[in-house]
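Please look at the sequence and the structure before reading on.

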Amino acid sequence: MISDKEKLANRLHRITLDMDEALKYLDAHQELTTLTPERQPASQPYLMKALMGMAIISYCRGFTKSRTQGHAIEILDFKSLNISSQPWAIDMHKVLMDKRSQAVAHSDWKHHSTKLDVEYDEEMQHGGQVRMSSVPQYSDINHDDFKKLASEILLETRFLRYGLDSQIIAAAQPPKSKS
């Protein structure tokens with residue numbers, strides 16, 4: 001049976017890996033923004049959207065309930081981390097969690113709305129119709145704050161997990177005999 005400490009350590013390790021992954025997606029996203037227009041692939045907007053979406057998913061994974069089959073705690077409460085005392089971190093965490101839930105993982109109307117736009121050209125005596133749809137925007141995500149938050153969480157969860165692992169190992173050691 002896995003102890004509560006081990007379950008927490010497992011979740012913390014998973015979050016450390018997720019933050020590292022989010023940072024790599026953010027780095028790739030940033031790298032794409034530095035390409036000159038002639039070097040940008042035609043698929044650049046889709047690549048940028050995909051990289052930011054994956055960075056958000058990776059970040060949010062540890063703070064979203066998951067089925068752990070008893071091997072880890074189901075969710076880590078952001079408020080349990082020291083970084084959660086920073087107002088900027090609270091704001092960024094909320095933006096990321098909301099964006100994940102409303103734009104990346106689900107198609108909430110706020111980010112995925114559509115409408116019929118009917119136009120009539122008097123001069124041409126002809127009408128047309130177009131169905132317009134919104135595309136999720138990531139402009140409200142400060143790239144530097146996102147990176148800073150993911151980096152801080154990576155360091156904190158790594159530190160916490162290391163301490164728990166040390167306790168788990170120490171508890172598993174047979175008691176030293178007094179000779």
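The model is predicted: local features need pLDDT of at least 70, side-chain atom pairs count only at pLDDT 80 or more, and totals for chains, interfaces and linings use all residues. Residues are numbered from 1 along each chain as its sequence is written, and side-chain values use heavy atoms, with hydrogens and water left out.

**Packing of helix 1 and helix 5**

- Helix 1 covers residues 4–33 and helix 5 covers residues 143–172; helices (H or I, at least four residues) are DSSP runs numbered from the N terminus.
- The two helices pack at an angle of about 155 degrees, and their axes are 8 Å apart. Axes are lines fitted to C-alpha atoms over the stretch in contact, and angles run from 0 to 180 degrees between N-to-C directions.
- Helix 1 and helix 5 are therefore roughly antiparallel, a term for angles over 145 degrees.
- The crossing of helix 1 with helix 5 is left-handed, that is, the near helix is turned anticlockwise from the far one by less than a right angle.
- In this contact, 14 residues are nonpolar, 8 polar and 8 charged. Ala, Val, Leu, Ile, Met, Phe, Trp, Tyr, Cys and Pro count as nonpolar, Asp, Glu, Lys and Arg as charged, and the others, Gly among them, as polar.

**Salt bridges that involve Arg61**

- The structure holds 7 salt bridges, each a side-chain nitrogen of Lys or Arg within 4 Å of a carboxyl oxygen of Asp or Glu.
- One of them joins Asp18 and Arg61, at 2.7 Å from N to O. Asp18 lies in helix 1 and Arg61 in the loop between helix 2 (44–60) and helix 3 (87–104), so the pair ties together parts that are 43 residues apart in sequence.
- Asp18 is buried at 0% relative accessible area, whereas Arg61 is partly exposed at 32%. Buried means under 20%, exposed over 50%, and partly exposed in between (1.4 Å probe, protein chains only).
- Glu21 also forms a salt bridge with Arg61, with the closest N and O atoms 3.7 Å apart. Salt bridges with shared partners join Arg14, Asp18, Glu21 and Arg61 into one network.

- Lys24 and Asp20 form a salt bridge whose closest N and O atoms are 2.9 Å apart.
- Both residues lie in helix 1, 4 residues apart, which is about one turn of the helix.
- Lys24 is exposed, with 53% relative accessibility, while Asp20 is partly exposed, with 30%.

Note on methods
Parallel < 35°, antiparallel > 145°, perpendicular 65-115°, else oblique.
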